[in-house]
Amino acid sequence: MGKLIGTAPNQVPTNADLGTMAYRDFEQLKGTGGTVSTVGLYTVHTFTSSSSFTVSTPGIADILVVAGGGAGGSDIGGGGGAGGFITYTNFNFASGTYTITVGAGGTNAGTNTGYSSVQEGSDSTISGGGISLLTSIGGGGGGTERTGSVGDGGSGGGQGPRSPVGDGTPGQGNNGGTSVGPSAQHSAGGGGGSASAGQNAVNPNGGDGGAGTQNNYDGNNYYYAAGGGGGSYSGSSVGGDGGIGGGGGASAYDTGGTGGGSARNSGGNSVSLGGGGVGGNAGANTGSGGGGGTEAGRGGNGGSGIIIIRYKTY
């Protein structure tokens with residue numbers, strides 16, 4: 001309820017009309033935890049690892065929750081899918097202590113192993129204080145040419161020559177791209193990103209990773225949650241590039257994929273080893289997917305997630 005003409009604490013002017021000032025009651029959120037900064041009118045709490053957020057005065061905040069990205073697949077592997085990307089606006093925090101869990105990026109299990117659950121990124125969550133669990137789902141790992149498993153997640157992993165394409169979660173990410181093969185010229189799809197699906201492989205080249213989504217809650221226009229590039233294998237092939245923030249895909253003989261930039265930490269380029277290229281790692285705290293490897297090369301690791309909470313400071 002608004003109140004006319006007042007000077008009481010915790011009141012902020014909302015409009016003026018013919019010299020009469022109206023006011024509205026409000027409570028300014030006060031909290032502790034994470035790395036604290038001031039961006040314009042906002043106090044910002046950035047969590048790059050698991051911790052807690054303690055609210056001493058309840059109030060409204062905006063939240064970014066990004067899960068860990070999936071690792072790229074080995075052995076002509078698909079790009080890792082991005083971790084789920086969610087924003088909440090005008091979220092009402094009650095007083096209390098909240099558990100902040102920042103999801104780890106998926107790690108590649110190595111060559112000649114097929115798909116493994118360790119390739120999947122971990123969820124990022126906020127819990128406690130009487131709220132329902134806020135969950136962003138970890139990214140799916142990239143497929144391989146050695147298994148029929150699939151890497152579903154916040155965004156889906158790119159398809160390998162002998163694996164299904166990974167599906168993304170509606171509202172959090174997108175599907176991975178499709179592969180070419182198995183044939184003499186295998187190539188894998190890019191991992192899905194939060195803003196777009198992974199690109200399909202086009203013989204003989206791997207597909208690029210899907211694009212990430214820009215967010216400026218901490219005052220920086222960084223991109224988060226991009227897909228990793230797909231791996232390839234032929235005498236004249238190019239590995240897929242990572243989306244903005246994702247790792248690059250490898251190519252056995254020619255040009256390996258490049259990592260995505262414009263992120264908190266850029267994705268890594270692939271490393272060519274003369275027939276056993278290694279996919280690039282995703283940037284830390286981007287929630288992006290790692291790049292896929294070649295016939296005898298492992299995929300890159302996914303990037304860890306991040307949680308950012310901001311609220312106005314009057």
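How many bridges join strand 5 to strand 6? There are 5 bridges between strand 5 and strand 6 (residues 42-47), and the two run antiparallel. Two strands pair if DSSP finds at least two bridges between them. Val39 has Tyr42 of strand 6 as its bridge partner.

This is a predicted model, in which local features need pLDDT of at least 70, side-chain atom pairs count only at pLDDT 80 or more, and totals for chains, interfaces and linings use all residues. Residues are numbered from 1 along each chain as its sequence is written, and side-chain values use heavy atoms, with hydrogens and water left out.

The protein has 0 helices and 17 strands; helices (H or I, at least four residues) and strands (E, at least two) are DSSP runs, numbered from the N terminus. An open sheet of 5 strands has the order 5-6-17-8-9 and antiparallel pairing.

| Edge strand | Residues | Partner strands |
|---|---|---|
| Strand 5 | 35-39 | a single one |
| Strand 9 | 85-93 | a single one |

One side of each edge strand is therefore left without a neighbour in the sheet.

Of the 314 residues, 54% count as buried, meaning under 20% relative accessible area (1.4 Å probe, protein chains only). Gly193 counts as buried because its relative accessibility is 0%. Gly193 lies in the loop between strand 13 (186-187) and strand 14 (213-215). Leaving aside neighbours within four places in sequence, its contacts (heavy atoms within 4.5 Å) include Ala82, Ser155 and Gly227. The C-alpha atoms of Gly193 and Gly83 are 8.1 Å apart, although 110 residues separate the two along the chain.

Methods. Buried < 20%, exposed > 50% of the residue type's maximum accessible area, 1.4 Å probe, protein only.
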